[in-house]
Amino acid sequence: QVQVVESGGGLVQAGGSLRLSCAATGSIFSINVMGWYRQAPGKQRELVASIHRSGSLDYKDSVKGRFTISRDNANDTVWLQMDSLKPEDTAVYYCYIDLGGIGIPIVYWGQGTQVTVSS
């Protein structure tokens with residue numbers, strides 16, 4: 001069994017900061033990619049940021065320079081530091097982990113955490 005648990009969402013004013021945390025537990029040998037998606041009401045789920053086990057990073061263009069993703073491979077944990085938040089960042093944020101290799105994803109999702117940015 002693999003579990004993915006997020007924490008750290010909440011309500012913040014525009015310009016503020018939040019830090020999301022995500023821990024994976026269970027029968028895990030190695031996590032290839034860890035990351036965060038988000039889904040706003042009426043919109044499709046979109047990739048916000050991801051980090052490969054090697055350390056390579058990927059960010060959605062609209063969060064570059066404001067969000068920072070990091071991970072601890074030893075503890076199967078990933079964080080998303082969100083600064084200079086905007087109302088358009090409001091969404092449910094989902095952590096995911098990919099245990100698979102290239103072309104063979106084995107993905108587990110967290111339950112989601114609400115982030116609300118007020119103007």
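Visitor: Is Trp-109 buried, partly exposed or exposed?
Guide: Buried means under 20% relative accessible area, exposed means over 50% and partly exposed lies in between, with a 1.4 Å probe and protein chains only. Trp-109 has a relative accessibility of 37%, so the residue counts as partly exposed.

Visitor: What kind of model is this, and which pLDDT do local features need?
Guide: Residues are numbered from 1 along each chain as its sequence is written, and side-chain values use heavy atoms, with hydrogens and water left out. This is a predicted model in which totals for chains, interfaces and linings use all residues, side-chain atom pairs count only at pLDDT 80 or more, and local features need pLDDT of at least 70.

Visitor: How many aromatic pairs does a search of the whole structure find?
Guide: Rings of Phe, Tyr and Trp (its six-membered ring) pair if their centres lie within 6.5 Å; planes under 30 degrees apart count as stacked, over 60 as edge-to-face and the rest as tilted. Searched over the whole structure, the number of aromatic pairs is 3.

Visitor: How are the rings of Tyr-37 and Tyr-96 paired?
Guide: Their centres are 5.3 Å apart. Their planes meet at 75 degrees, so the pair is edge-to-face.

Visitor: How many residues apart are Tyr-37 and Tyr-96?
Guide: Strands (E, at least two residues) and helices (H or I, at least four) are DSSP runs, numbered from the N terminus. Tyr-37 belongs to strand S4, and Tyr-96 to strand S9 (residues 91-98). The pair links distant parts of the chain, at a separation in residues of 59.

Visitor: How are the rings of Tyr-96 and Trp-109 paired?
Guide: The ring centres of Tyr-96 and Trp-109 are 5.6 Å apart and the planes stand at 40 degrees, so the pair is tilted. Tyr-96 is in strand S9 and Trp-109 in strand S10 (residues 107-109), so the pair ties together parts that are 13 residues apart in sequence. Ring pairs link Tyr-37, Tyr-96 and Trp-109 into a cluster. The kind of pair asked for, with planes at 40 degrees, is tilted.

Visitor: Which ring has the charged end of Arg-45 over it at 3.8 Å from its centre?
Guide: A charge sits over a ring if NZ of Lys or CZ of Arg is within 6 Å of the ring centre and within 35 degrees of the ring normal. Arg-45 also lies over the face of Trp-109, at 4.7 Å from that ring centre. The ring at 3.8 Å is that of Tyr-94.

Visitor: Which residue does a disulfide join to Cys-22?
Guide: A disulfide is a pair of cysteine sulfur atoms within 2.5 Å, and the count comes to 1. The link spans distant parts of the chain, strand S3 and strand S9, 73 residues apart. Both of its residues, Cys-22 and Cys-95, are buried. With S to S at 2.0 Å, the partner of Cys-22 is Cys-95.

Visitor: How many residues has the largest nonpolar core?
Guide: A nonpolar core is a set of buried Ala, Val, Leu, Ile, Met, Phe, Trp, Tyr and Cys residues joined through side-chain atoms within 4.5 Å. In the largest one, the residues with the most contacts inside it are Trp-36, Leu-80, Met-82 and Tyr-93. Among the strands that each supply at least two residues of this core are strand S1 (2-7), strand S5 (46-52) and strand S8 (77-82).

Visitor: Which backbone oxygen does the side chain of Arg-66 reach at 2.9 Å?
Guide: Arg-66 lies in the loop between strand S6 (57-59) and strand S7, and at 10% relative accessibility the residue counts as buried. A polar contact is a pair of N or O atoms within 3.5 Å; within protein, one must be able to donate a hydrogen and the other to accept it, and residues adjacent in sequence count only if both atoms are side-chain atoms. A polar atom of the Arg-66 side chain lies 3.0 Å from the backbone oxygen of Ser-84. The backbone oxygen at 2.9 Å is that of Ser-62.
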